[in-house]
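Reader: I am new to this structure. Please take me through one part of it closely, in short sentences.

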Amino acid sequence: MPTSVILVATAIIQALGMYKWTGDSMVVSGQIFFPILFALMAFYLVFRNPETGSRFSNAHIVLLGLGVILLVATLAGTVASIFWLYPQVFIYYTAFLLLVIELGLRIAALPKKTPSEKPRKVSKREQRRNRGSNLVASVKSTDKNETK
């Protein structure tokens with residue numbers, strides 16, 4: 001999870017820096033929306049299946065390290081006004097690509113369904129046969145006084 005947060009922070013900082021130069025609000029809204037969307041999907045998959053966190057742990061550590069490097073480069077470019085580090089399109093897209101890879105690893109870590117867990121397809125004929133009736137059963141009494 002910290003990988004997604006770091007990569008989203010890097011992408012948003014870079015997108016806001018690029019907005020200062022271009023002024024295109026549609027581009028910056030997409031550049032902010034999609035990293036947040038992918039991070040939210042990764043968070044959902046982590047909370048939905050917490051037992052899959054140990055799969056691909058080495059890849060997640062590598063992605064975390066690369067994300068920290070990108071965030072430090074972005075912050076250094078912001079504070080020191082280094083043009084080669086902030087705002088740069090290649091840093092934004094590198095962070096976004098790493099975020100997509102992180103989400104792909106989360107999806108790949110999901111448990112697979114076995115054939116016994118998959119529902120069996122039922123034919124229309126079998127559905128009609130097993131449907132039953134809509135008729136309501138009622139108790140008929142044998143006493144003549146009760147029927148009047």
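Which hand does the crossing of α2 and α4 have?

Author: The crossing of α2 and α4 is left-handed. Keep in mind that this is a predicted model. Every value below is computed from it.

Start with the whole chain. It holds 6 helices and 0 strands. From the N terminus on, the elements run α-α-α-α-α-α. The chain has 148 residues, and buried ones make up 30% of them. Take the contacts in the chain with a separation of 6 or more: residues 24 or more positions apart account for 81% of these.

Now to the pair you asked about. The axes of α2 and α4 are 9 Å apart, and the packing angle is about 25°. Angles under 35 degrees count as roughly parallel, so α2 is roughly parallel to α4.

Look at each helix in turn. α2 has 24 residues. From its first C-alpha to its last, α2 reaches 34 Å, close to the 34 Å expected at 1.5 Å a residue. Helix α4 covers residues 89-108, which is 20 residues. At 1.5 Å a residue, α4 should span 28 Å.

Which residues meet where the two helices pack? On the α2 side they are Gly30, Gln31, Phe34, Pro35, Phe38, Ala39, Met41, Ala42, Leu45 and Val46. On the α4 side they are Tyr92, Tyr93, Phe96, Leu99, Val100, Leu103, Arg106 and Ile107. An α-helix has 3.6 residues a turn, so residues three or four places apart point the same way.

Next, burial. In α2 the buried residues are Val28, Gln31, Pro35, Phe38, Ala39, Ala42, Leu45 and Val46. What covers them includes α1 and α4. In α4 the buried residues are Ile91, Tyr92, Ala95, Phe96, Leu98, Leu99, Glu102, Leu103, Leu105 and Arg106. These pack against α1 (2-22), α2 (25-48) and α3 (57-80).

Aromatic rings also feature here. The structure holds 5 aromatic pairs. One of them joins Tyr92 and Tyr93. Their ring centres are 4.9 Å apart, with 80° between the planes. Planes over 60 degrees apart count as edge-to-face, so the Tyr92 and Tyr93 pair is edge-to-face. The two residues are placed in unlike ways. Tyr92 has a relative accessible area of 3%, so it is buried. Tyr93 has 45%, so it is partly exposed.

Then turn to another helix pair, α1 and α3. Their axes are 9 Å apart, and they pack at an angle of about 30°. α1 and α3 are therefore roughly parallel to each other. The crossing of α1 and α3 is left-handed. On the α1 side, the contact is made by Pro2, Thr3, Ile6, Leu7, Ala9, Thr10, Ile13 and Gln14. On the α3 side, the residues include His60, Leu63, Leu64, Gly67 and Val68.

Thr3 lies in helix α1. It is buried, with a relative accessible area of 6%. Leave aside its neighbours within four places in sequence, and Thr3 is in contact with His60, Leu63, Leu64 and Glu102. Glu102 is one of the buried residues of α4.

Conventions: Residues are numbered from 1 along each chain as its sequence is written. This is a predicted model: local features need pLDDT of at least 70, side-chain atom pairs count only at pLDDT 80 or more; totals for chains, interfaces and linings use all residues. Side-chain values use heavy atoms; hydrogens and water are left out. Helices (H or I, at least four residues) and strands (E, at least two) are DSSP runs, numbered from the N terminus. The expected span of a helix is 1.5 Å times one less than its number of residues. Buried means under 20% relative accessible area, exposed over 50%, partly exposed in between (1.4 Å probe, protein chains only). Contact means heavy atoms within 4.5 Å. Rings of Phe, Tyr and Trp (its six-membered ring) pair if their centres lie within 6.5 Å; planes under 30 degrees apart count as stacked, over 60 as edge-to-face and the rest as tilted. Axes are lines fitted to C-alpha atoms, for helices over the stretch in contact, and angles run from 0 to 180 degrees between N-to-C directions. Angles under 35 degrees count as roughly parallel, over 145 as roughly antiparallel, 65 to 115 as roughly perpendicular and the rest as oblique. A crossing is left-handed if the near helix is turned anticlockwise from the far one by less than a right angle, and right-handed if clockwise.
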